[in-house]
Amino acid sequence: MDVLALDSIHKSYGPIQALKGVSLNVPQGTVYGILGPNGSGKTTLLSIILDVLSADKGNYSWFGTISSKYQRRKIGSLLETPNFYHYLSAVNNLKITHSISGRGSIAEIDEVLHKVNLYERRNSRFSTYSLGMKQRLAIAAALLGNPSVLVLDEPTNGLDPVGIAEIRALIRQLSLTGTTIILASHLLDEVEKVCTHVAILKTGQLIAEGTVEDVLADEDILEIGASEPEQLKSILWSMKDIGTIETGESLILVKGPKGSIDPAAINAYCHAAGITVNHLVMRKKRLEARFFELTNN
Ligand code: ATP
């Protein structure tokens, strides 16, 4: 089931077309990354699905129905860091958040602090927290009301590597308990490490969407090596339907459309022809390389 479906969403700010007909589906239980360079429309998209902005054209639905107050309660969000009181503890800050938003209950506060691993520090003043802890408290606030979906805009912005790793671990942990997480980021590396699915936006248009694996790999590249590379190459040439063969620095690269290359069959063919393969690796494109390729940056 899809928790969120967008159908041709358009949004302009005066002459600036921020979203030009974006359609995408977020399957339940995924960690869905919305990736794009600055100004590509990520924040606009999140603001629309959270009813902060309205779209000019197009529709979206949460949980298969048009958004309602009841549906909205199942969605926790963090678009901007909330203004916590520096001299108050995490518990007292969350009490205030609860009384303003009406989400969740006082009894839930300990539970959300456990979830973000701040329970031990629940009575410390907010001002004594590291940036990573502050961001985890913001996520705890978004978790009040036990939402089944969490929407986060640039959740690791401004954090140091330790803080980033803490947020990454938290996202993984929340995902394991069944929460669907939708996050916008321009940090490709982070998206690659934590997301199961990705949508790439470029100047308001969706240019790729799918599982991270699918978006990464639009073609198969097999690295293959042997002690007699020339012999290996001529044997590969003789194999039917093998795709293109290129000579890399020290290895031979066999390239073909996604799913077309069968390493085991190639290995068996070479073996039968009397050549021992000493290297056989399917190369994975990194998201960053693919991102730059798609956005021509
Ligand atoms: P960033 O990574 O920099 O936050 P983004 O991908 O979230 O960027 P948006 O903030 O959605 O992108 O902006 C998309 C486009 O819309 C940009 O060209 C931006 O300048 C423009 N824009 C956003 N908000 C407004 C606004 N309130 N008024 C006018 N233009 C806006």
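**Ligand shell, domains and aromatic pairs in a predicted model**

In the predicted model, an N or O atom in the side chain of Asn 38 lies 3.1 Å from an oxygen atom of the ligand, a polar contact being a pair of N or O atoms within 3.5 Å. The model is a predicted one, in which local features need pLDDT of at least 70 and side-chain atom pairs count only at pLDDT 80 or more, while totals for chains, interfaces and linings use all residues. Residues are numbered from 1 along each chain as its sequence is written, and side-chain values use heavy atoms, with hydrogens and water left out.

For Thr 43, the distance from a polar side-chain atom to an oxygen atom of the ligand is 2.7 Å; for Thr 44, the corresponding distance is 2.5 Å.

The shell around the ligand (residues with a heavy atom within 4 Å of it) consists of Tyr 13, Ile 16, Ala 18, Pro 37, Asn 38, Gly 39, Ser 40, Gly 41, Lys 42, Thr 43, Thr 44 and Glu 154. By class, four of these residues are nonpolar, six polar and two charged, where Ala, Val, Leu, Ile, Met, Phe, Trp, Tyr, Cys and Pro count as nonpolar, Asp, Glu, Lys and Arg as charged, and the others, Gly among them, as polar. At least two shell residues come from each of strand 2 (16-27) and helix 1 (42-49), and helix 1 gives the most, with three residues. Helices (H or I, at least four residues) and strands (E, at least two) are DSSP runs numbered from the N terminus.

The chain is assigned to domain 1 (2-215) and domain 2 (218-295), with bounds from an automatic or database domain assignment. Their C-alpha centres lie 40 Å apart. Gly 259 is placed in the loop between strand 13 (252-257) and helix 10 (263-272). This glycine is exposed, with a relative accessible area of 68% (exposed, over 50%; buried, under 20%; partly exposed, in between; 1.4 Å probe, protein chains only). The C-alpha atom of Gly 259 is 7.6 Å from that of Glu 219, 40 residues away along the chain.

Four aromatic pairs are present in the structure. The ring centres of Trp 62 and Phe 63 are 6.1 Å apart and the planes stand at 35°, so the pair is tilted. Rings of Phe, Tyr and Trp (its six-membered ring) pair if their centres lie within 6.5 Å, with planes under 30 degrees apart counted as stacked, over 60 as edge-to-face and the rest as tilted. Trp 62 is buried at 0% relative accessible area, and Phe 63 is buried at 15%. Phe 84, Phe 126 and Tyr 129 are linked by ring pairs into a cluster.

Note on methods
A polar contact is a pair of N or O atoms within 3.5 Å; within protein, one must be able to donate a hydrogen and the other to accept it, and residues adjacent in sequence count only if both atoms are side-chain atoms.
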